[in-house]
Every structure is written in structure tokens, then in C-alpha cells.
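Let's walk through this model together, one part at a time. Keep the 3D view open beside the text and turn it as you read.

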Amino acid sequence: MKRMTPLLTLLSGAVTAAVLFTMSAQASPPGTQPAAGNGPPVAAPAPSTGIEDDVEADVEDEVDDPAEPEVDPDAPDGARPGVTSPPADRDPSSAGTEVNSVEQNWIGELENGATIAITVKNGKAEAYVCDGREMEVWLSGTVRDGKIELTGKDAKLSGVIRGDVASGEMIVGVRRWKFTARPEQKTDDSPVVKSGSGTAPAIYRATEDIRAAGIDGGWIMLPDGTQIGIVTWNGKPIPAPPLDPAFFTTKVNGVTITAAPVVPGAR
């Protein structure tokens with residue numbers, strides 16, 4: 001019995017030590033538990049309080065979806081943020097239409113049988129009178145409130161527009177002729193004063209470079225598609241060959257003559 005006492009004492013001490021070690025391990029905080037192996041203990045991540053997550057989410061919202069500046073509706077125009085609109089596309093089909101178009105062409109005859117054409121745009125007017133042989137007169141002026149007032153070299157034309165008829169008198173030197181003209185196109189029985197922009201001019205004249213070379217020419221485009229005009233060659237008037245409608249050119253004595261539309265106010 002005396003021999004068993006030391007053995008029991010040693011066994012009791014070992015059990016006590018094991019119990020104490022187990023209780024000590026359970027009582028230790030999680031952050032100080034040893035990692036596997038012989039390395040130093042690894043600290044556990046700090047618990048999230050939620051504040052950092054909210055701040056980070058707010059920053060991301062500001063970057064991804066920037067707020068528009070607030071505008072005070074009572075603030076003056078100069079204090080409001082400027083807004084730039086994209087430039088409007090221009091219609092290429094309208095380029096040049098306003099420059100090479102007129103409002104109305106009036107075409108008629110004088111008492112002597114000569115043809116007269118009056119073209120009007122924005123209250124200004126140009127007129128050409130010729131008989132297709134030797135007589136021609138260029139005039140320019142205005143058509144306002146139904147009154148026609150044109151002047152040319154030693155010439156004057158005055159008249160009125162009543163309904164769809166323009167009538168008056170042309171004076172050249174001491175000679176006088178009455179004239180009557182009607183709109184080039186008449187679509188109904190109502191009075192016609194102008195047909196609006198986009199009407200092709202009825203009068204053409206040799207370009208400036210051709211005239212600078214000593215050659216002049218004038219043409220009237222008649223409603224039936226024919227032409228009448230005069231070319232002045234070396235100071236002598238001769239009947240004008242018709243213009244090519246595609247290029248508005250013609251040839252006289254082997255020389256090509258180019259013509260341009262006569263548009264009031266364009267020169």
C-alpha cells in the first residue's frame with residue numbers, strides 16, 4: 001500500500017495539470033490563440049463598425065453619378081450655368097437656293113412686239129427688253145406696294161400691278177411703248193403678286209469676264225421653253241443662239257459665251 005501512494009500522487013498531479021491547461025486555453029481571447037506551427041500568434045481582424053462601409057459607398061456614388069448643379073430659378077441669366085446645345089445640321093440641299101432664286105418673274109410684250117421680262121426679289125427688280133434682232137434695254141429698280149419703278153441707260157419704265165397683270169410704259173429717249181406682262185406661272189384664278197422663293201430666274205446675261213472681253217449677251221427664258229435674246233459682238237447686236245440649259249453656255253463665231261442668272265440685289 002505504501003508503494004502505491006507515490007504513484008497515485010503523481011497521477012493526481014498530472015490530471016490536475018491537464019485540467020488547468022484546458023481551462024486556461026478556453027479562457028484566452030480569440031486574438032491571442034496560437035496559430036498552427038511554431039510561428040508567432042496572428043491577430044484576428046478587427047470587427048467592422050459599418051461607418052467605413054457607409055463612407056466608401058457614398059464616395060463611389062459621388063464618382064459614378066455626379067450631381068447636377070442646383071439652379072436658382074430666380075437668379076439672373078448671367079448667373080445661371082451655361083448650357084451648350086449641339087449644332088444643328090444644315091440641309092445641304094438648300095445651299096445656293098436663296099442666292100440663285102427669285103420671288104416672281106413677269107413676262108410680256110411691248111407695243112412694238114419686243115419681249116419684256118421683269119424679275120423681282122425682296123422688293124428689288126431687274127428687267128430686260130429685247131426683240132431678238134437689234135433692240136435691247138437693261139433696267140433695274142424696285143417693285144413696292146404694286147408700283148414698278150425701273151431705270152436704265154437713257155431709259156425709264158414705270159407701271160403698276162393689279163391682280164395678275166403688270167402694265168405700264170417704257171420710255172427710251174423720245175420714244176414710248178406701253179407694255180403688259182403676266183406672272184410666268186399662274187396656278188389658279190386668284191391674284192398673283194409673287195410665287196415665293198425658289199423660282200428660277202427668267203433672265204440671263206453674259207458673265208462679267210465675258211463682258212470684260214467686249215462681248216455682251218442677254219436671254220429671256222420663255223414659259224414655253226424657248227429663248228429670245230441678243231448678243232452684242234464688237235458693238236453690233238445679233239440674234240443670240242440659245243443657251244445650253246445644262247451649262248448655260250453657247251457659241252458665237254467659235255467663242256464660248258457663258259451666262260449667269262440675273263437676280264435682283266445680287267450685283
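A charge sits over a ring if NZ of Lys or CZ of Arg is within 6 Å of the ring centre and within 35 degrees of the ring normal. With that in hand, find arginine 205: its charged end lies over the ring of tryptophan 138, 4.2 Å from the ring's centre.

Before going further, a word on what you are looking at. This is a predicted model, in which local features need pLDDT of at least 70 and side-chain atom pairs count only at pLDDT 80 or more, while totals for chains, interfaces and linings use all residues. Residues are numbered from 1 along each chain as its sequence is written, and side-chain values use heavy atoms, with hydrogens and water left out.

Now for the overall picture. The protein has 3 helices and 14 strands; helices (H or I, at least four residues) and strands (E, at least two) are DSSP runs, numbered from the N terminus. Of its 267 residues, 29% are buried, where buried means under 20% relative accessible area, exposed means over 50%, and partly exposed is in between (1.4 Å probe, protein chains only). Take the contacts (heavy atoms within 4.5 Å) between residues at least 6 apart in sequence: 42% of them join residues at least 24 apart.

Rings of Phe, Tyr and Trp (its six-membered ring) pair if their centres lie within 6.5 Å; planes under 30 degrees apart count as stacked, over 60 as edge-to-face and the rest as tilted. The structure holds 2 aromatic pairs. In one of them, tyrosine 128 and tryptophan 138 are stacked, at 4.1 Å centre to centre with 25° between the planes. Tyrosine 128 belongs to strand β3 (residues 124-130) and tryptophan 138 to strand β4 (residues 136-144), so this pair ties together parts that are 10 residues apart in sequence. Both tyrosine 128 and tryptophan 138 are buried.

Tyrosine 204 and phenylalanine 248 form an aromatic pair that is also stacked, at 4.6 Å centre to centre and 15° between the planes. This pair links distant parts of the chain, 44 residues apart: tyrosine 204 is in strand β9, and phenylalanine 248 is in the loop between β12 and β13. Tyrosine 204 counts as buried because its relative accessibility is 7%, whereas phenylalanine 248, at 25%, counts as partly exposed.

Strand β9 leads us into a sheet. Two strands pair if DSSP finds at least two bridges between them. Here 6 strands make an open sheet with antiparallel pairing, in the order β12-β11-β10-β9-β14-β13. β12 (236-239) and β13 (249-252) stand at the edges with a single partner strand each, so one side of each has no neighbour in the sheet.

Let's follow the sheet from β9. Strand β9 (residues 203-206) is joined to antiparallel β10 (residues 215-221) by 3 bridges, and isoleucine 203 has isoleucine 220 of β10 as its bridge partner. Between β10 and β11 there are 7 bridges, with glycine 218 opposite isoleucine 230 in β11. These two strands form a hairpin with 5 residues between them, and glycine 225 in the turn has a positive phi of about 95°.

How many residues of strand β11 are buried? The count is 6 of the 7 in residues 227-233, so β11 is largely enclosed by the rest of the structure. From β11, 4 bridges lead on to antiparallel β12, where lysine 236 stands opposite tryptophan 233. The hairpin of β11 and β12 has 2 residues between the strands, and asparagine 234 takes a positive phi near 55°.
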